[in-house]
Amino acid sequence: MPTNDSKVFLSVTMSLDGFLAPEFMENDQPLEKWVAKCSELQAYVLRSKFFRENLKLGEGGETGWDNEFLEHTFNRTGVSILGKRMFDGGEKYWPEEAPFRTPVFVVTHTRREPWVRPGGTTFHFVNDGIESALRQAREVAGGRDIRIGGGADVIVQYLNAGLVDELNIAVAPVLFGAGVRLFEGVDHDKVALEIVEAVSSPRVTHVRYAVRRR
């Protein structure tokens with residue numbers, strides 16, 4: 001397992017039947033086809049005071065455990081890593097001030113100069129794999145933690161490579177039936193999870209796992 005001061009962690013929301021996104025969430029599909037399902041999945045985020053403030057959506061919003069969890073996750077993150085598909089979707093719909101406000105490394109085959117956004121987010125495009133992205137992320141993490149932000153494919157790559165310390169899953173009480181599974185392709189002979197903490201709110205159940213190698 002990694003032994004750097006910066007922890008490598010995942011923090012994602014999952015449907016009760018194991019999906020990160022509905023089956024029709026494709027980049028070439030109209031927004032309205034999947035926004036309702038994703039809004040249902042992420043209801044605890046969208047209603048939170050911290051989320052609204054961070055995206056400059058105005059005053060108000062819910063406080064409580066969900067809000068504290070989101071704020072803590074944001075504050076602990078010194079740098080994020082994304083897959084190409086996750087970035088492509090976000091590039092279309094993120095506001096001009098992207099919500100990260102840190103360096104972000106995008107694992108991709110596409111060659112592109114760094115993309116600097118207002119508010120402190122700079123996207124760097126890494127063409128030589130997940131380990132290179134993690135190595136570069138460690139160099140700029142500033143003592144804070146490194147978040148693997150998705151999508152599912154890059155999450156599975158990091159899990160199977162033994163490069164993840166911690167997994168935070170917010171389990172939402174919604175059912176997708178089909179879509180993008182979180183653990184599709186994980187090598188179950190190598191990866192094991194140990195529950196560290198479980199906390200329920202009225203909207204989701206937060207479960208924190210330590211990731212172990214078998």
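This is a predicted model: local features need pLDDT of at least 70, side-chain atom pairs count only at pLDDT 80 or more; totals for chains, interfaces and linings use all residues.
Trainee: Now for β8. How many of its residues are buried?
Mentor: Look at both ways its residues point. Leu167, Ile169 and Val171 point one way from β8, while Glu166, Asn168, Ala170 and Ala172 point the other way, and all are buried. For β8, the number of buried residues is seven of seven.

Trainee: Let's move to β3. What is the bridge partner of Ser80 in β7?
Mentor: Ser80 lies in strand β3, and five bridges join β3 to β7, the two running parallel. Apart from neighbours within four places in sequence, Ser80 is in contact with Phe100, Thr102, Pro103, Val104, Phe105 and Arg147. Its bridge partner in β7 is Arg147.

Trainee: Does Ser80 count as buried or exposed?
Mentor: The cut-off for buried is under 20% relative accessible area. Ser80 has 4% relative accessibility, so Ser80 counts as buried.

Trainee: And is Thr102 buried or exposed?
Mentor: Thr102 sits in the loop between α5 and β4. Beyond its neighbours within four places in sequence, Thr102 is in contact with Thr77, Gly78, Val79, Ser80, Gly120, Thr121, Thr122 and Arg144. At 4% relative accessibility, Thr102 counts as buried.

Trainee: Next, the largest nonpolar core. Which element gives the largest share of this core?
Mentor: This core has 34 residues, and the members that touch the most others are Ile81, Ile146, Ile148, Ile155, Tyr158 and Ile169. Elements giving two or more residues to this core include β1 (8-15), β3 (77-83), β7 (145-150) and α7 (152-160). The largest share, six residues, comes from α7.

Trainee: Which residues does Tyr158 contact, leaving aside neighbours within four places in sequence?
Mentor: Tyr158 is one of the members of the largest nonpolar core that touch the most others. Its contacts beyond those neighbours are Ile81, Val107, Ile130, Ala133, Leu134, Ile148, Leu163 and Val164.

Trainee: How are α6 and α7 oriented, roughly parallel or roughly perpendicular?
Mentor: Their axes are 10 Å apart, and the helices pack at an angle of about 85°. Angles of 65 to 115 degrees count as roughly perpendicular. That makes α6, relative to α7, roughly perpendicular.

Trainee: Which residues of α6 are buried?
Mentor: Ile130, Ala133 and Leu134 of α6 make the contact with Val154, Gln157 and Tyr158 of α7. Cover for the buried residues of α6 includes β1, β3, β4, β6 (122-126), β7 and α7. The buried residues in α6 are Ile130, Ser132, Ala133, Leu134 and Ala137.

Trainee: Last, Arg214. Which residue has its backbone oxygen 2.8 Å from a polar atom of the Arg214 side chain?
Mentor: Arg214 is placed in the segment after β11 and, at 65% relative accessibility, counts as exposed. Not counting residues up to four places away in sequence, Arg214 touches His188, Asp189, Lys190, Val191 and Ala192. The residue with that backbone oxygen is His188.

Conventions
Residues are numbered from 1 along each chain as its sequence is written. Side-chain values use heavy atoms; hydrogens and water are left out. A nonpolar core is a set of buried Ala, Val, Leu, Ile, Met, Phe, Trp, Tyr and Cys residues joined through side-chain atoms within 4.5 Å. Buried means under 20% relative accessible area, exposed over 50%, partly exposed in between (1.4 Å probe, protein chains only). Helices (H or I, at least four residues) and strands (E, at least two) are DSSP runs, numbered from the N terminus. Contact means heavy atoms within 4.5 Å. Two strands pair if DSSP finds at least two bridges between them. A polar contact is a pair of N or O atoms within 3.5 Å; within protein, one must be able to donate a hydrogen and the other to accept it, and residues adjacent in sequence count only if both atoms are side-chain atoms. Axes are lines fitted to C-alpha atoms, for helices over the stretch in contact, and angles run from 0 to 180 degrees between N-to-C directions. Angles under 35 degrees count as roughly parallel, over 145 as roughly antiparallel, 65 to 115 as roughly perpendicular and the rest as oblique.
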